[in-house]
Amino acid sequence: MSDLILETIGVGKKFGRFVALRDITAGFQRGQLTGIIGPNGAGKSTYFNMLSGAFPPTTGRILFEGRDITATPQHRFARLGIAKSFQITSLFPQLGTLENVRVALQAMHSRYDVWRARTRLHGLVEQAGALLEKVGLWPRRDRLAATLSHGEQRALEIAMALACDPRLLLLDEPTAGMSPEETRASMDLIVRLAAERTVILVEHKMKLVMGICDRLLVLHHGELLAEGTPAEIRVNETVKRVYLGQREH
Amino acid sequence: MGATTLRGTSRHDWMALAVRHRVLLSAVFLLVFPMLMPFKAIAVNILIYGLFAVGFNMLYGYLGLLSFGHAALFGGGAYACGIVMTRFGLPWWLGVIAAIGAGALIAAVMGGLAVRTRGIYFAMVTLALAQCVFYLAYQAGGVTGGENGLRGIVLEHIGPLDFLDPVTRYYVVAAFVVAALFALSRILASPFGAAMEALRENEARARACGFDVRTTRWLAFVLSGAFCGLAGAMQALHLGIVPIEMLSYQTSGTVVMMALLGGMGTFFGPFVGAGLFLLLENIVSLYTVHWQLLVGGVFIACVLFFPRGVWGTLLHALNRA
Amino acid sequence: MEGITLDLLALQIFTGLALGAIYVLMALGMSLLFGMLTVVNFAHGAFYMVGAYVAVALLGLGANFWVCLFFAPILVGLLGMLVERVLIRPLYGRGIDYPLLLTFGLSYVMIEAVRILFGTTGISFDTPDVLVGAADIGIGYFPIYRLFVIGVAAAAVLGLWLFLERTPYGLIIRAGARDPQIVRILGIDVGRVWLVVFGIGTGLAALAGMLAAPLQGASPEMGDSVLAIAFVVTVVGGMGSLLGAVLAGLLVGVVVSLASLFAPEMAQVSIFALMAVVLIIRPQGFFGRAGLMS
């Protein structure tokens with residue numbers, strides 16, 4: 001019935017004796033926008049980091065388009081078609097805004113060419129420009145990444161993630177630390193992106209994701225608490241109990 | 001360097017122009033350099049050690065990898081050149097090619113092990129591996145001449161040029177140095193150069209973009225080895241002998257000091273550093289045999305007060321003005 | 001190779017342990033400095049050498065061997081504390097490479113200073129009379145002085161362990177290594193803790209150098225080769241791990257010793273081959289915590 005782009009089968013993670021994540025089996029539908037939510041310390045970030053290849057799980061397997069990627073090193077993910085944005089902004093601060101995206105594009109094409117001029121690589125500058133246009137940063141193309149505002153830096157990160165033309169885009173708390181306007185703009189951007197590719201995002205703020213996600217995964221104490229459409233999650237008794245009394249930010 | 005600046009002042013335009021034509025500039029400078037030097041005899045030494053420091057700078061300056069084992073690449077190149085010429089009786093230019101290859105090959109093996117470690121381990125592991133190369137050369141006396149060094153490397157003529165004439169010799173070595181700087185300039189401007197920048201700027205992001213951190217570091221190590229191997233060949237041709245001390249820990253340390261004195265991660269810094277170091281050594285040793293005391297002291301002061309080095313400090317001041 | 005009996009092998013292993021004991025003291029100091037202060041001390045070999053020369057100077061002033069054994073490490077430890085306070089302290093927080101580069105420059109100054117004071121040639125160092133000769137240790141006769149080296153090193157390791165594990169000051173040092181912030185919040189002067197650690201680390205190097213002097217004499221360059229071996233031991237044992245330093249130090253000593261029995265020309269190279277193997281199999285070393293490497 002379904003076309004799963006990503007599956008985790010019995011995935012768990014231990015840090016020393018501490019169990020961060022226990023036996024998560026879940027599937028992500030191609031083309032959907034899925035949100036991973038849960039209170040602080042639920043294991044969202046650990047789960048995200050394993051999905052994006054930052055570290056391997058202690059137990060279980062991860063499949064991308066049916067292919068086992070459990071032990072695949074991080075640097076292969078971009079070429080497989082999985083891109084991520086970091087929770088804490090992570091750019092090349094002393095490079096120009098356009099160059100940031102150009103380098104990300106270049107990683108897809110040429111990594112070890114020591115002789116050709118990098119500016120001669122066909123179309124990379126144009127493609128980088130188009131991606132900046134898409135996230136609304138074209139006017140800022142000549143600025144150093146370090147001099148951009150927080151919201152602009154997050155947008156630049158998304159442009160860099162898009163550079164590998166990913167079939168799966170992973171976003172870790174994309175609106176963390178943003179002002180209300182910036183949050184709204186970035187939610188709009190995410191909805192637009194989700195129209196053309198699969199997006200999984202981790203979010204702490206439940207209200208934000210309720211409106212835009214097709215499907216939600218709720219984690220709690222390192223376990224999968226519930227799974228379903230936002231409407232189903234909204235009326236789920238267990239989820240209510242977990243979030244009861246917990247103030248929303 | 002290479003970053004687009006905010007204000008298009010004329011000074012920045014000049015700087016950009018200088019950066020674009022840096023190979024040409026260095027060629028012109030090296031052409032007139034012997035006429036400016038008070039101690040003409042050390043002009044060739046400055047060229048050779050400058051090139052060695054350029055190779056070292058490739059790793060530390062551009063990738064932040066501090067190697068204390070570069071003597072193995074420099075000395076390895078010198079031995080390769082000398083062995084090809086004395087043991088096999090082949091022409092000098094084959095010796096130079098062999099030296100570049102040997103530098104790259106030793107770097108490939110050392111780098112293959114060293115890039116498995118990170119941070120502070122890198123310096124320790126490269127130092128230890130270079131000691132290993134030293135002892136191997138020491139033991140293989142039949143080929144390398146052991147502790148007496150490899151003697152009898154003779155190069156009198158290169159075509160019509162008289163290599164024994166100091167001025168001619170200087171310009172021959174300078175030609176190789178300019179060629180190497182051209183290659184370096186190409187590498188820095190290449191896609192691989194961009195990968196190195198990305199890695200230095202943000203390792204985690206570079207990895208997420210799809211750059212393989214280990215392979216990038218390894219390749220930079222190999223390229224660094226090729227430059228140092230070439231410098232080693234020049235040294236072998238210049239001295240006519242390869243002393244075993246070229247492989248020693250002190251040689252590795254010397255290049256670290258030169259690069260830091262000049263300015264890490266700058267294009268001309270390694271040459272400035274090599275020049276300052278050798279001038280200091282030559283002037284101080286006129287008065288005392290204990291020049292290392294002063295050199296060590298100057299280096300300590302440099303680490304404490306001028307971590308950008310002489311050239312780096314100058315560039316920084318110019319960029320801010 | 002005929003004539004290599006089990007007894008000979010056992011004796012050679014014992015010789016290796018004596019050699020290893022000196023490496024252990026070196027590596028312990030290095031590991032301590034790195035684990036607590038994240039300083040890689042490139043002058044560690046120079047402190048080792050100065051340890052031997054301070055003993056030479058004390059002997060020259062009429063002191064006996066036992067006075068040297070006690071005072072040389074203390075004097076060098078004080079020198080180490082001075083270095084920490086004046087030269088290293090300004091570099092904390094400025095990146096891990098700077099202390100490394102500075103101590104490298106410092107080693108040049110120390111070596112040259114010793115050359116100026118004591119000359120460039122090596123100085124022989126007599127073993128005290130009571131430790132001359134050999135004793136039957138069951139598998140054959142073994143030089144008493146080497147037994148003594150093993151004993152002193154074992155006592156030093158035990159003493160260090162007791163100090164770190166059983167004294168309030170050791171507790172502070174261990175806590176400070178884990179999280180300097182917490183120690184600061186408790187109102188303890190972290191700077192003083194670091195000073196003491198630097199003194200202990202360099203003092204251990206001096207003890208090693210002083211113990212090595214009767215075996216090989218004292219020379220200004222004696223620290224250079226030992227520094228490289230100390231690095232190998234730290235890499236093999238795992239940076240920042242004291243247990244790793246002890247085991248790896250002894251292992252390296254035994255490997256060198258056995259290699260010089262079977263293939264003398266490969267004795268030095270075997271050390272580095274050992275390191276290469278460990279790097280391939282377990283890059284963080286026997287007991288290294290992967291986190292400390294970055």
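Tutor: A:Asp165 sits in the loop that runs from α5 (150–162) to β7 (168–172) of chain A, where helices (H or I, at least four residues) and strands (E, at least two) are DSSP runs numbered from the N terminus. This is a predicted model, in which local features need pLDDT of at least 70 and side-chain atom pairs count only at pLDDT 80 or more, while totals for chains, interfaces and linings use all residues. Residues are numbered from 1 along each chain as its sequence is written, and chains are lettered from A and ligands numbered from 1 in the order in which they are written.

Although A:Asp165 is not a glycine, its phi is positive, at about 45°. Most residues other than glycine have a negative phi. A:Asp165 is partly exposed, with 13 C-beta neighbours inside 10 Å; a residue is buried if 20 or more other C-beta atoms, placed from the backbone, lie within 10 Å of its own, exposed if 12 or fewer, and partly exposed in between.

A:Glu173, however, is buried, having 20 other C-beta atoms within 10 Å.

Chain A as a whole has nine helices and 10 strands, and its C-alpha atoms fill a box of roughly 60 × 40 × 40 Å along the principal axes. Of its 249 residues, 44% are buried. Among the contacts in chain A with a separation of 6 or more, 66% join residues 24 or more positions apart, a contact being two C-beta atoms, placed from the backbone, within 7 Å.

Chain A touches chain B through 31 of its own residues and 26 residues of chain B. On the chain A side, α2 (74–80) and α3 (97–109) each give two or more residues, and α3(A) supplies the largest share, five residues. This side has 17 nonpolar, seven polar and seven charged residues; Ala, Val, Leu, Ile, Met, Phe, Trp, Tyr, Cys and Pro count as nonpolar, Asp, Glu, Lys and Arg as charged, and the others, Gly among them, as polar.

Helix α3(A) also takes part in the surroundings of α9 (residues 191–201) of chain B: the buried residues of α9(B) pack against α3(A) and, within chain B, against α3 (43–63), α8 (166–189), α10 (203–209) and α11 (213–239). Nine of the 11 residues of α9(B) are buried, so this helix is largely enclosed by the rest of the structure. Among those buried residues are B:Phe192, B:Met196, B:Glu197 and B:Leu199.

Chain A has no contact with chain C, and their closest C-alpha atoms lie 12 Å apart.
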